[in-house]
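Student: Could we look at a structure together? I would like to learn where the words used for it come from.
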Amino acid sequence: MLWIKALHIVFIASWFAGLFYLPRIFVNLAMVEPGSVAERERLLLMSRKLYRFMTILAIPALALGLWLWLYYRIGLGGGQGWMHAKLLIVVALLAYHHSCGVLLRQFEGGHNQRSHVWYRWYNEAPVLLMVAAVILVVVKPF
């Protein structure tokens, strides 16, 4: 079980690296001057590659988490409200991940309507979700 936990943590940390960095690339994309085609294309290429890579990382992170939950029964049974809250956070992270893909497609199509300031705030969501998830897993407040 400890190997599964360790790998789960590694893949979660790696997935989060992408969730933290991709919106930072969006900040830069939102600031590209209209005539800077090469800069825009380079940032789009970086965004596409990162989104693909973080999607690949999310799959084993989720699979290992399910393994811990269903096979080793971590968080199952009575008095495990912290796990229900954590699962809500996982769903929110999956929605955030998906929204990154939607925003990327908007940038690719030249349909971005948001400012770099909006993306700076958007970038804070995974930080807050990570803090909440770690507190739930370590402290198990309920």
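Student: What share of the contacts with a separation of 6 or more in the protein chain comes from residues 24 or more positions apart?

Tutor: Such residues account for 77% of those contacts, where contact means heavy atoms within 4.5 Å. Keep in mind that this is a predicted model, in which local features need pLDDT of at least 70, side-chain atom pairs count only at pLDDT 80 or more, and totals for chains, interfaces and linings use all residues. Residues are numbered from 1 along each chain as its sequence is written, and side-chain values use heavy atoms, leaving out hydrogens and water.

Student: What makes up the secondary structure of the protein chain?

Tutor: There are 5 helices and 0 strands, and the order from the N terminus is α-α-α-α-α. Helices are DSSP runs of H or I with at least four residues, and strands are runs of E with at least two, numbered from the N terminus. Helix α5 covers residues 125–139 and includes Val131.

Student: Why is Val131 called partly exposed?

Tutor: Buried means under 20% relative accessible area, exposed means over 50%, and partly exposed is in between (1.4 Å probe, protein chains only). Val131 has 41% relative accessibility, so Val131 counts as partly exposed. Across the protein chain, 32% of the 142 residues count as buried.

Student: Which charges does the protein chain carry on its side chains?

Tutor: There are 13 positive and 5 negative side chains. Lys and Arg count as positive, Asp and Glu as negative, while His and the chain ends are not counted.

How values were computed. Charge placed at Lys NZ, Arg CZ, Asp CG, Glu CD.
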